[in-house]
Amino acid sequence: MSIYTWIGIGIYAFFTLLPLKDAKNIGKWKITSIIINMVVLLAIIFAHLFYSFNIWIGIFLLIILGIFLDKKTYTKKRLIIYASIFVVIGGVLFWLLNDILGSPESNTVLEHLIEYPDTSSLYFSKDGNVLISYNVEEARPLASVVKIVVAMEYAFQVEEGKVDPTTIIGLEDLDVYYIPKTDGGAHEAWLDSLETRPPTLQEVAKGMIQYSSNANTEYLMELLGLDAINNRLEVLDIENHEEIYPIIGALGISSYLKEKENLSKKPLINRLNNMSMEEYRSLAIEVSQLLKSKQFAVTDVSDISMDIQRIWSDRLTGASAEAYGEIVSRISNNEFSSIVTSTLRDILEWPLAYESNQEKFNHIGAKGGSTAFVLNQVIYVETKQGERMEMVIMLDDLSLLQSLSMQKSIDHFLFKLIDDQDYIELVESELP
């Protein structure tokens with residue numbers, strides 16, 4: 001929380017407790033309401049600090065609570081007024097939630113692609129023929145989709161004997177890169193899947209893809225070497241792909257600069273906005289190294305405000321949908337050596353653990369990537385009939401409501417492309 005939020009909370013608490021200075025002249029109702037208000041306020045602060053509970057939702061709840069604890073609410077006139085307000089608010093919320101959380105609609109995604117061509121890309125290939133190529137040459141932030149390239153370099157180094165997939169990895173080597181409450185619980189979910197046993201290097205790589213653990217990714221980047229990862233793109237002639245650099249290191253830049261240069265929020269944002277990409281990448285690498293050596297740690301994720309997250313998201317490694325369509329096409333069509341291909345399939349084809357996918361596909365590999373503003377998905381499949389398809393969708397500059405709506409419908413859209421030839425033709429005709 002910012003200093004201004006703390007000041008606001010302090011003022012609220014002061015005026016809530018102020019009537020107690022004359023406690024003898026206030027009734028039990030008022031004393032009870034003060035106690036309830038303070039308990040709820042403390043609970044909101046605790047939930048925000050330790051569970052990333054949204055402070056604005058907390059403020060809204062306090063306002064509602066204040067209405068219910070005010071005796072004047074229970075007059076006929078006020079009851080009518082408040083009831084009318086709640087009906088209107090409830091109707092709007094119902095409409096929004098129904099739109100966002102209702103049944104998925106593939107056309108929601110198609111409509112977004114049509115309406116926002118400058119921030120959207122779609123690549124679809126079937127049996128070696130690119131059928132849909134919509135803004136596929138535009139480089140967009142990859143988010144966790146970049147982990148496919150990290151997995152690819154890992155597979156090549158397995159083949160070259162540089163790394164051993166059966167090596168046991170100490171969790172403490174991964175924990176130095178873990179920043180709690182920044183990955184939606186991905187790393188913790190992966191740790192739970194291990195059931196207390198130490199992971200192998202192969203399991204670390206699989207956790208990077210299936211669970212999208214950023215800590216695992218940062219560890220593998222350090223182990224494999226950033227130069228090796230970026231050089232692999234050149235060797236494979238993957239074009240329109242920006243230089244890869246540490247994800248967690250970049251996320252920690254704001255906290256590092258705030259501590260090192262003693263910057264408040266506004267100067268910090270200006271510093272980040274005015275920073276060259278060369279300096280930004282260099283700082284990301286520096287912070288990642290400091291995390292590894294335990295010379296620095298991000299102790300307060302509330303410092304990473306939405307404004308700072310936007311800068312981080314916009315500056316993430318970018319690449320085109322075409323580049324990732326080509327990468328997964330090479331995997332799907334067995335264009336790499338048998339060792340590289342089998343290693344990659346073992347990492348990427350986690351969706352085959354589901355019986356419904358086993359019934360439809362010989363192979364299905366997938367990796368998504370998202371931030372508060374980005375939603376990407378990369379999928380390749382081989383059906384039971386032997387058809388091979390590769391899909392890449394990239395959406396940037398999303399609002400909160402757009403992000404929620406797209407998350408609900410994006411898989412439905414992509415799997416309709418897999419299942420429905422008529423729908424492929426419809427999307428082809430709608431997207432220039």
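**View 1. Strands β5 and β6 are joined in an antiparallel pair.** Nine bridges link β5 to strand β6 (residues 375-383); strands pair if DSSP finds at least two bridges between them. Within this pair, H363 stands opposite E382 of β6. The model shown is predicted: local features require pLDDT of at least 70 and side-chain atom pairs count only at pLDDT 80 or more, whereas totals for chains, interfaces and linings use all residues. Residues are numbered from 1 along each chain as its sequence is written, and side-chain values use heavy atoms, with hydrogens and water left out. Strands (E, at least two residues) and helices (H or I, at least four) are DSSP runs, numbered from the N terminus.

**View 2. An open sheet is formed by five strands.** The strand order is β2-β1-β7-β6-β5, and the pairing is antiparallel. At the edges are β2 (129-134) and β5 (361-370), each of which pairs on one side only. From one strand to the next, the twist averages 5 degrees. Helix α17 (residues 321-332) lies across β1 (120-126), β6 and β7 (388-395). The helix α17 runs at about 155 degrees to β7; angles run from 0 to 180 degrees between N-to-C directions, and axes are lines fitted to C-alpha atoms, for helices over the stretch in contact.

**View 3. Helix α18 (residues 338-348) contains several buried residues.** These are V340, T341, T343, L344, R345, I347 and L348; buried means under 20% relative accessible area, exposed over 50%, and partly exposed in between, with a 1.4 Å probe and protein chains only. The buried residues of α18 pack against α6, α9, α17, β5 and β6. Leaving aside neighbours within four places in sequence, L344 is in contact (heavy atoms within 4.5 Å) with A151, M152, A155, I331, F336 and E349.

**View 4. The largest nonpolar core has 84 residues.** A nonpolar core is a set of buried Ala, Val, Leu, Ile, Met, Phe, Trp, Tyr and Cys residues joined through side-chain atoms within 4.5 Å. Y154, L220, I253, L272, Y324 and L344 touch the most other members. Helix α6 (residues 147-159) supplies the largest share of this core, nine residues. Apart from it lies another core, of 28 residues, including L110, Y134, M389 and I418.

**View 5. Helices α14 (residues 265-273) and α16 (residues 306-315) pack against each other.** Their axes are 10 Å apart and form an angle of about 10 degrees. The two helices are therefore roughly parallel to each other, a term for angles under 35 degrees. K265, L268, I269, L272 and N273 of α14 meet D307, I308, I311 and R315 of α16. By class, this contact has five nonpolar, one polar and three charged residues. Here Ala, Val, Leu, Ile, Met, Phe, Trp, Tyr, Cys and Pro count as nonpolar, Asp, Glu, Lys and Arg as charged, and the others, Gly among them, as polar.

**View 6. T196, N240 and K294 are found in loops between helices.** T196, in the loop between α8 (186-194) and α9 (201-210), is exposed, with a relative accessible area of 79%. In space, T196 and L171 are 10.0 Å apart, C-alpha to C-alpha, and in sequence they are 25 residues apart. N240 belongs to the loop between α11 (226-235) and α12 (247-251) and is partly exposed, at 37% relative accessibility. Its phi is near 55 degrees, a positive value in a residue other than glycine. K294 lies in the loop between α15 (277-292) and α16; K294 has phi near 60 degrees, also positive in a residue other than glycine, and is exposed at 65%.

Note on methods
Angles under 35 degrees count as roughly parallel, over 145 as roughly antiparallel, 65 to 115 as roughly perpendicular and the rest as oblique.
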